[in-house]
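Reader: Please take me through the terms used for this model, and set each value against its cut-off.

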Amino acid sequence: MSASSSTPLDLLGHVVSISGSQASVRLSASDPSDPAGKTRITVGTFLALEAAQSSVVGVITDVVSSGDRTANGELGGQTTARVDLLGEIRKTAVGSGFFQRGITGYPMVGDKVTVLGDAALRIVYDTSGADTINIGQLQQNNSIGAYIKVDEMLTKHFALLGSTGVGKSSGLAVILRQVLQVRPNLRIFLIDPHNEYGPSFRDRALIINPKNLKLPFWLFNFEETVDVFFRGRPGLDEEVEILSHVIPQAKSMFAGSRGDRQSLRKTEAGGGMGFTVDTPVPYRLSDLIHLIDERMGKLENQSNAIRYSRLITRIETVREDPRYAFMFDNANAGGDSIVDVLSQLFRLPPNGKPMTVMQLAGFPSEVVDSVVSVLGRMAFEFALWSDGAVPLLFVCEEAHRYAPGDRSIGFGPTRKAISRIAKEGRKYSVFLGLVTQRPADLDATIISQCSTLFAMRMANDRDQNIIRFAVSDAAASLLAFVPSLGTREVFAFGEGVSLPTRLQFSKLPAEFLPRSESVSSARLDPSRGVDTAFIEAVVDRWRGASMGNSKRKLGERPLQPEKVGA
C-alpha cells in the first residue's frame, strides 16, 4: 500500500505536465459512487502524485475548466489543476514511509494523482516528539496536531504577522506557553505595549510595569540618555556636546567617592579617566548638574551661559517628573545595582517564573522607545558577555513601532538593538520573536532574519508582498489564501514546520486569554451609568499622574465605576 493509503476510488486524475516546482493535473469526472463528495477538491487541497519510488506531495493553487456547463448544470470539457510541489513521501520496503523536503524522483506524464490521505498527512505533519510543540490542529484534518520544531523556530527567530482581530495575541500566548513547557531552561522576555499578556502568563511570569520596575538612569547609554532628557526629540548639538563631556566625569566622581579605584582604570592617555559616555556604571545627577554649573561659571563670555542653564533645567524637569520615578527614585541608593537589575529583568534565578512580561502602558510615551532600546541592548550585551550561558527569547509585540522600515521615523537605537539580536543573537543564545499587524512597516532586514513565519489574515497587498519575499518560491503561491483565513487560522512557513502548514491555533482557557489591562481598556457599567463621583475620581487620577500625589499609582488597574466611593 502506498504512503497515501489510496484505493482506486481515490483516483482524481493524471499528471499532464511537470516542471521543477509545479505540475498540471487533469482531473477525472466525479465518481458516481461517491455521492458525499469525499473526493471533492478545490484550491488548498493536498494531493499525492504517485512517482516510482515516492508520493510527491503538492497543493492545488488554481483550478481551470476548459468547458461550459451542460444543460443539467454539470461542467463539460476538462478540468485542470495547477499544483505546487512541496516535498515527497519516500516509500520503504516495509510499506510505510517518511517525508522529506525537496524532490528526488519526479512523477511522469500520465502518473496517477490522489488526495493525500489521513495516513500520509500524519507522516508529513505528525512530528510529535521531545523537540516539538503542539500549537493547534491541521486545517485539513483537525484530528492531527500542528507540531512546530521548537529549536528550529527559536534559534533561527520567528515572526507572527496578521491584522487586528484575527487572534494574533492568543496565538502568541499559545506558542509561548508551549515553549515554557518543553524548554524550562529558556528565559522569555516579552515586550507588552498594551498590557494584555498578564492574564496569559501570570502563573509563569514576573509582570513588570512602572510600579515595580527599577531601571536606573545610568544604565541608559548616551543616545538613550539624550532621548530621555530631550523628551523624545532630537537633542540640541551644543547641549549634547556638553553632556558628552560631563557624563564620563560624573561617573568618575561617583567611583572615586566610593573608593572604587579598580573601576576608575585611570590612564594617562585618557586624561586620568577611563569611563566613556556608554560605560554602564553609576553616577549621580547632582554631580552631573554640578559639573555643568561649574563649566558655566568658567565661561569667558557669559552670553553662552544660556545653553548650560537650559540643559540643567531639562535634567531637573525630567528628574522631578513622577512618571520617571522608575529611572530616578533611589537610583543610587544601592550603589552599583546592575546585578539586581539584570536578575529581575531576565529571571536569574527564575524562582518558578522564567518569563518576564514588560508592560509598557503607563510609561511616559516619549520615553517608551528608549526603555525598549535599553532592554533590547541589555539582553544582547548580557548574552554576549556571558558567552550565551543563559538562553533568552526576546519577543517584541508591535515590532513595527520599534524597528520601522522608514529610517526617518522611530528611535534609531531601538531599531539597532532589535536588529543586533536578529543578526547576531543566535551566536550568543539570544533569540528574537516579532509580532506585528503591519509587516510592510517593519524593517525588511530584520524580518528577513526570521526563518519561521506565522501568517494570519492580512488583506493589505504591501503586507502580503513582504511575506512573499520572505518565504520560498514553492510556498509563495499559498499566500493567496491568507486574506481568506478565519479567526485563529494561520499559515506557518519555514524551518519550524515540515511543510507550509495551514492550521488553527489551540483555544486557550478563558483565564489565559490575553486582555488589555491598560487605562484605555476601562469599561463602564451601563446599568450604573457615570456620576459626578466617578468623574471626580478620574480627574484626580489624571492630575495626580503628573503631580506625584495620585491615589492610584501608575501601573495599577483602572478604577471601575462601581468601585468609586468604596
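Strands, rings and charges

Author: The bridge partner of Phe-189 in β14 is Phe-394. This is a predicted model, in which local features need pLDDT of at least 70 and side-chain atom pairs count only at pLDDT 80 or more, while totals for chains, interfaces and linings use all residues. Residues are numbered from 1 along each chain as its sequence is written, and side-chain values use heavy atoms, with hydrogens and water left out.

Reader: How do you know that β11 and β14 pair, and in which sense?

Author: Strands pair if DSSP finds at least two bridges between them. Strand β11 (residues 187-192) and strand β14 (residues 392-396) have five bridges, in the parallel sense. Strands here are DSSP runs of E of at least two residues, helices are runs of H or I of at least four, and both are numbered from the N terminus.

Reader: What makes the rings of Phe-189 and Phe-394 a stacked pair?

Author: Rings of Phe, Tyr and Trp (its six-membered ring) pair if their centres lie within 6.5 Å; planes under 30 degrees apart count as stacked, over 60 as edge-to-face and the rest as tilted. The centres of Phe-189 and Phe-394 are 5.5 Å apart and the planes are at 0 degrees, so the pair is stacked. Phe-189 is in strand β11 and Phe-394 in strand β14, so the pair ties together parts 205 residues apart in sequence. Phe-189, Phe-346, Phe-382 and Phe-394 form one aromatic cluster.

Reader: Why does Phe-189 count as buried?

Author: Buried means under 20% relative accessible area, exposed means over 50%, and partly exposed is in between (1.4 Å probe, protein chains only). Phe-189 has 0% relative accessibility and therefore counts as buried. Phe-394, also at 0%, counts as buried.

Reader: Why is the pair of Phe-46 and Tyr-125 called edge-to-face?

Author: The centres of Phe-46 and Tyr-125 are 6.3 Å apart, and 85 degrees lie between the planes, which gives an edge-to-face pair. Phe-46 lies in strand β3 (residues 46-50) and Tyr-125 in helix α1 (residues 118-125), so the pair ties together parts 79 residues apart in sequence. Phe-46 is buried, with a relative accessible area of 8%, and Tyr-125 is buried at 5%. The structure holds 13 aromatic pairs.

Reader: What makes β9 and β12 the edge strands of the sheet?

Author: The open sheet of eleven strands runs in the order β9-β8-β18-β17-β16-β10-β15-β14-β11-β13-β12, with mixed pairing. The strands β9 (145-149) and β12 (205-208) each pair on one side only. From one strand to the next, the twist averages 25 degrees; angles run from 0 to 180 degrees between N-to-C directions, and axes are lines fitted to C-alpha atoms, for helices over the stretch in contact.

Reader: What does α12 touch when it packs on the sheet?

Author: Contact means heavy atoms within 4.5 Å. Helix α12 touches β11, β13, β14 and β15, and its direction makes about 160 degrees with that of β14.

Reader: What makes Asp-321 and Arg-231 a salt bridge?

Author: A salt bridge is a side-chain nitrogen of Lys or Arg within 4 Å of a carboxyl oxygen of Asp or Glu. The closest N and O atoms of Asp-321 and Arg-231 are 3.7 Å apart, and the two form a salt bridge. Asp-321 is in the loop between α9 (305-320) and α10 (325-328) and Arg-231 in the loop between α5 (222-229) and α6 (237-257), so the pair ties together parts 90 residues apart in sequence. At 11% relative accessibility, Asp-321 counts as buried.

Reader: Which residues are linked with this pair in a network of salt bridges?

Author: The network links Arg-231, Asp-321, Arg-323 and Glu-366. Arg-323 forms a salt bridge with Glu-366, with the closest N and O atoms 2.9 Å apart. Arg-323 is partly exposed at 24%, and Glu-366 counts as partly exposed at 22%. The structure holds 20 salt bridges.

Reader: How do you know that Glu-489 and Arg-502 form a salt bridge?

Author: The closest N and O atoms of Glu-489 and Arg-502 are 3.0 Å apart, and the pair is a salt bridge. Glu-489 is buried at 12%, and Arg-502 counts as buried at 17%.
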